[in-house]
Structure formats: C-alpha cells, structure tokens
Amino acid sequence: MSDKSGSKWKKAVQVFTAFFKVGILGYGGGPSSIPLVHQEVVKKYRWMNDGEFSDVLALGNALPGPIATKMAGYIGYRVLGITGCILGVLAMVLPTVLLMVLFLSLLSAYKASPKVQGMTGAVTPVVGVMLAVLAYSFFKKSWEKKEKSVTVTVGLISAAAIGLLDIHPAVIIGGTLLFALFSKEKKPVTGEKEGKAS
Amino acid sequence: MIYWKLFVAFFIPGIVGYGGGPASIPLIQNEVVNRYHWMTLEQFGEILALGNALPGPIATKMAGYIGYEVGGFLGAIVALFATVGPSLLAMILFLSLLYRYRNSPKIQKMTAMIRPVVGILLAVIAFQFFQSSWEDIGILQTVVLILVSLLLLEKWKVHPAWVISGSLVYGVLFLA
C-alpha cells in the first residue's frame, strides 16, 4: 500500500516537473512546446511511444483551443487520471500566469526592451529546428513501416492541401482518420484525395 | 454575474479558436474589449505584448491574467478552465476510445496513416518559425542559429533545455 502510494506520489512529481519545464521553456506560444513535450513524454519518461504521441498531436490539432495545454491535460490523465490531468495543466500554465500577475508593472517596462526582443529572435530558429527534427522523425518512422506508398501519398496530399490549397489542418486530419476507418482493405489510397479536398 | 461572463468570454474563443493559442487572440480581444469592455484596446495590446515576452502558451496566459484582473483569483481559475476545459474533455474522450481499441486493425491503420500528416503539419510550423526568424533577425543569424542548434541537438545530443537557454543568452548578448 505504502509502495503504491509512493509510486503515485513519484508519478505526480514527474508529471508536474515534465510540464513545468515545458511551460517555462516554451518560448513563442503553444506550437513551440510540441518538441519539448515529445522530449519529456516519449524520450525521458516513456509514458507513450511515437505512434501514440502522433495520435495525440493529430487529435489535439483537430480539436479547437490551445494545443500545449490539451497535450498536458491528456498526457497527465493517461499517467495519473484526473489528478494527473489537473497537475499537467497547472504545471504548464501557472508559472507564467503568476509571473504576469505579480510582475505586470515591472515587466511592462521591459517588454519592449531590445534584450527581450533579442531573446525571442534567437529562440525562434532553434524552435524551428526542433520542430523540423520531430517532423523528420515522424516521416522516418512512417517510412520504416511496410507501406511506403501510403507514407508518400498521404504526405504529398496533405502537404498540397495545407501548402497550396490552404485547407485547415482539422479538415485534413479528420479526413484521413475517416478514410482509414471506412476504407476497405487493399483499396488504392488515391480515393482519399476526393474525401479530403471536398 | 461576473464569473459566468468570464466563462462565456473565454469559452467562445477556446471553442472557435481553431489552430491553437495564437489563433484565438483576436477572438479574446473581441470578447474582452468590444463586448464586455473590461479593458481598452491599448490595455489589451499591453497585456498581449507582455504575454509574448514570457514563455508558455499565450491563450492561457491571457485568460489567467485577464480573469485575475476582472474577478480575482477565482476569476483566473474560471477563465483558465473555460479556455482549456471543453476541448481537453473532448480530447480525453476521443483518445480513451482510441486507446481502448488500439489493437484493432482499423485503429492501427488510422495511427499509421495519420503519422505522415502530423509530420507535414510539424514541417509547416517549422517553416513558419524559420520564416518569421528570417524577417526578424535576418538570414545570416537565422542560418547560423539553425546550423548550430541542429548540431547541438542531433549530433552532440545536448538537452533541449540547454539549447533553448543558450539561445536566449545569445539573443540578449548579440541580438539586443
């Protein structure tokens, strides 16, 4: 019993630490924290694998609202139920909200300072690299599975849909999920184009 | 009642704000400034600028701060919950369903097919970050920072926390 509650306590601390770190380091809003969440959740604590993380990211993108807190809440829930959910969200959100409330007058003097702008400027390409590396790892994982044609087709179609046609990601994610769910086995993937573009 | 108003003001941007935190900023502004008149446009801009200077997701920073200004500690909690709660609940529901049937071939196919889409989405966001960095600090700084951070992260396996902290220090020293 004491052992069980001990491991629960440990997990609670881990959930809080993981998302606290993400919240503090996530410069540039929600999307910049995605690679950081991946680092903590998949690489460090191994609460889920790459496939599950990609599912979480896909659904998080398909649903409205801020992405970082949705991830924190869901992953916290997976690890430790409701407690984990609340802990994850609070750990990610609370530190900077407190900073804003406590230091508003002090910070507003600094917000336009070149130092702060320099910080934001230098961190942007770094976050870009982290996102690109994560994107690459998803392509690689998908490529290693047997259906290479699916990876290429789905990748190209969604790239065209987002980049050229400016279709909202939620539509593409929803379309892909529905296609996977309702398509018969061995059906050519090209049928998906109509399903998604409409 | 103020708490109910706060809830509505942040519930709507949370639900309508497709595309993550930054997409919901104009919607929050519409509720907070135009509809409930809790602050002027200048004050809102001030808070937004401050929020952007601090780390962490922007939508929740705005909700927490404005909620606190309008309704104290409880107001902050209500605004935060309205921003995060509804779509988080939907997410837990959907994913729990996926997780329960994770061994079914259909679900495995979904997981396999969604992976390249997520890859593209991340690549697009990465591109946007590079683009805004190019505009902000120029091509030379951008390329140098990209190469150095790529080497640090992937070749020498430095922890992201150090790379980010390092880039913040670099920004203060050389880009200010």
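This is a predicted model: local features need pLDDT of at least 70, side-chain atom pairs count only at pLDDT 80 or more; totals for chains, interfaces and linings use all residues.

**The interface of chain B and chain A**

Tutor: Across the interface of chain B and chain A, three residue pairs are found in polar contact, both residues of each pair having pLDDT 80 or more. On the side of chain B that touches chain A, the elements giving two or more residues are α1 (2–16), α3 (41–53), α4 (58–100), α5 (105–155) and α6 (160–175) of chain B. The largest share of that side comes from α5(B), with 31 residues. Sorted by class, the side of chain B that touches chain A has 53 nonpolar, 22 polar and six charged residues.

As for salt bridges between chain B and chain A, the count is zero. The two chains bury an area of about 8,100 Å² between them, and carbon and sulfur atoms give 81% of this area. In terms of residues, 81 of chain B are in contact with 100 of chain A.

Now the partner. Chain A has nine helices and zero strands, so read from the N terminus on, its elements run α-α-α-α-α-α-α-α-α. Of the 198 residues in chain A, 54% are buried. Among the contacts in chain A with a separation of 6 or more, 56% are between residues 24 or more positions apart.

Which residues of helix α2 (residues 25–35) of chain B are buried? They are B:Ile25, B:Ile28, B:Glu31, B:Val32 and B:Val33. These residues lie on the same side of α2(B), because they cover an arc of only 165° around the axis. An α-helix has 3.6 residues a turn, so residues three or four places apart point the same way. The cover over the buried residues of α2(B) includes α1, α3 and α4 of chain B.

B:Ile12 lies in helix α1 of chain B. From C-alpha to C-alpha, B:Ile12 and B:Ile28 are 8.3 Å apart in space, and they are 16 residues apart in sequence. B:Ile12 counts as partly exposed because its relative accessibility is 31%, whereas B:Ile28 is one of the buried residues of α2(B).

Some backbone angles remain. Most residues other than glycine have a negative phi. After α2(B) comes B:His37, whose phi is positive, near 50°. B:Lys157 is not a glycine either, yet it has a positive phi of about 55°. B:Lys157 sits in the loop between α5 and α6 of chain B. With a relative accessible area of 58%, B:Lys157 is exposed. In chain A, A:Arg46 also has a positive phi, about 55°, although it is not a glycine. The place of A:Arg46 is the loop between α2 (34–44) and α3 (50–62) of chain A. A:Arg46 is exposed, because its relative accessible area is 65% and the cut-off for exposed is over 50%.

Technical notes
Residues are numbered from 1 along each chain as its sequence is written. Chains are lettered from A and ligands numbered from 1 in the order in which they are written. Side-chain values use heavy atoms; hydrogens and water are left out. Contact means heavy atoms within 4.5 Å. Buried area is the accessible area (1.4 Å probe) that two parts lose on being put together, summed over both. A salt bridge is a side-chain nitrogen of Lys or Arg within 4 Å of a carboxyl oxygen of Asp or Glu. A polar contact is a pair of N or O atoms within 3.5 Å; within protein, one must be able to donate a hydrogen and the other to accept it, and residues adjacent in sequence count only if both atoms are side-chain atoms. Helices (H or I, at least four residues) and strands (E, at least two) are DSSP runs, numbered from the N terminus. Ala, Val, Leu, Ile, Met, Phe, Trp, Tyr, Cys and Pro count as nonpolar, Asp, Glu, Lys and Arg as charged, and the others, Gly among them, as polar. Buried means under 20% relative accessible area, exposed over 50%, partly exposed in between (1.4 Å probe, protein chains only). The arc is that of the directions from the helix axis to the C-beta atoms.
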